[in-house]
Amino acid sequence: MKCIAIDDEPKALAVIAHYAAKVPSVQLAQTFRSSIDALAYLQQEQVDLVFLDINMPDLTGIEFLKAQQQPPLVIFTTAYSEYAVESYDWEAAGYLLKPIDFQKFLKAVNKAATLLKLKGRPQKDTGSNKGETILVKSGVQTYQLKLEEILYLEASGNYVTFVTKDKKVATLNSLSEVQSTLPADRFVRVHKSYVVALPHIDIIESYQVRIAGTEIPIGRTYREGLTSVFKF
């Protein structure tokens with residue numbers, strides 16, 4: 001895989017270069033301390049993968065991706081876990097927190113290789129679920145809810161409540177049955193009583209996530225599933 005690395009910290013670039021040299025499938029073609037310089041490079045050269053810092057001056061990692069019509073596959077490298085939610089929109093192959101562990105680096109690289117082999121270069125999420133709806137029966141009424149507007153689901157007794165920005169709709173069903181009708185790439189179970197919509201997560205903390213001001217607990221048995229999504 002032909003790769004480049006972008007980070008304003010020379011030590012971080014040195015670590016990536018050191019790790020890349022250990023992996024035969026990785027060809028680190030160039031490193032950049034400026035995302036603007038990297039953009040100019042990509043206008044002339046094509047790469048398979050970018051190791052990308054998020055918090056950079058002039059042009060952040062997210063802005064760097066937004067500046068391209070067809071952004072390359074990316075592995076985010078950052079010292080800040082709070083960027084994980086925003087990075088989800090870019091279908092990253094990995095989210096590596098500094099100081100970067102080599103085993104996690106290797107896992108992300110292997111995932112990138114698999115994505116490139118099976119799918120080609122992934123593109124930014126175009127909102128494949130946008131406009132899709134689900135019918136929810138509540139008593140004698142049936143509601144049509146847009147998937148993109150559902151914030152989270154909460155189970156209580158024999159009922160599951162769909163929570164959106166402007167309404168709550170309760171249905172007589174189990175949380176597992178309801179979750180099975182939802183896109184698995186968008187809705188993740190984080191607790192025995194909660195399923196959350198990943199794009200609506202504002203903050204991820206050790207034992208909870210926050211969505212629209214609501215604190216939702218992360219159950220011990222579900223924590224690994226959530227962290228694997230965001231790669232931290």
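Buried residues are those under 20% relative accessible area, exposed ones are over 50%, and partly exposed ones fall in between (1.4 Å probe, protein chains only). The model shown is predicted, so local features need pLDDT of at least 70 and side-chain atom pairs count only at pLDDT 80 or more, while totals for chains, interfaces and linings use all residues. Residues are numbered from 1 along each chain as its sequence is written, and side-chain values use heavy atoms, with hydrogens and water left out.

**View 1. Phe-51 and Phe-105 form a stacked aromatic pair.** Rings of Phe, Tyr and Trp (its six-membered ring) pair if their centres lie within 6.5 Å; planes under 30 degrees apart count as stacked, over 60 as edge-to-face and the rest as tilted. The structure holds seven aromatic pairs. In this one the centres are 5.2 Å apart, with 10° between the planes. Phe-51 belongs to strand E3 (residues 49–53) and Phe-105 to helix H5 (residues 102–119), so the pair ties together parts 54 residues apart in sequence. Helices (H or I, at least four residues) and strands (E, at least two) are DSSP runs, numbered from the N terminus. Phe-51 is buried because its relative accessibility is 0%, and Phe-105 is buried at 0% too.

**View 2. Tyr-152 and Tyr-194 make a tilted pair.** Here the ring centres are 6.3 Å apart and the planes meet at 55°. Tyr-152 sits in strand E8 (residues 150–156) and Tyr-194 in strand E12 (residues 194–197), 42 residues apart, so distant parts of the chain are linked. Tyr-152 is buried at 6% relative accessibility, and Tyr-194 is buried at 14%.

**View 3. Ring pairs join Tyr-19, Phe-51, Phe-102 and Phe-105 into a cluster.** Have a look at Phe-102 as well: the charged end of Lys-22 sits over its ring, 4.9 Å from the centre. That description applies when NZ of Lys or CZ of Arg is within 6 Å of the ring centre and within 35 degrees of the ring normal.

**View 4. The largest nonpolar core has 23 residues.** Such a core is a set of buried Ala, Val, Leu, Ile, Met, Phe, Trp, Tyr and Cys residues joined through side-chain atoms within 4.5 Å. Met-1, Leu-49, Phe-51, Ile-75, Phe-105 and Val-109 touch the most other members. Strand E1 (2–6), helix H1 (10–22), E3, strand E4 (73–78) and H5 each supply at least two residues, and H5 gives the most, seven.
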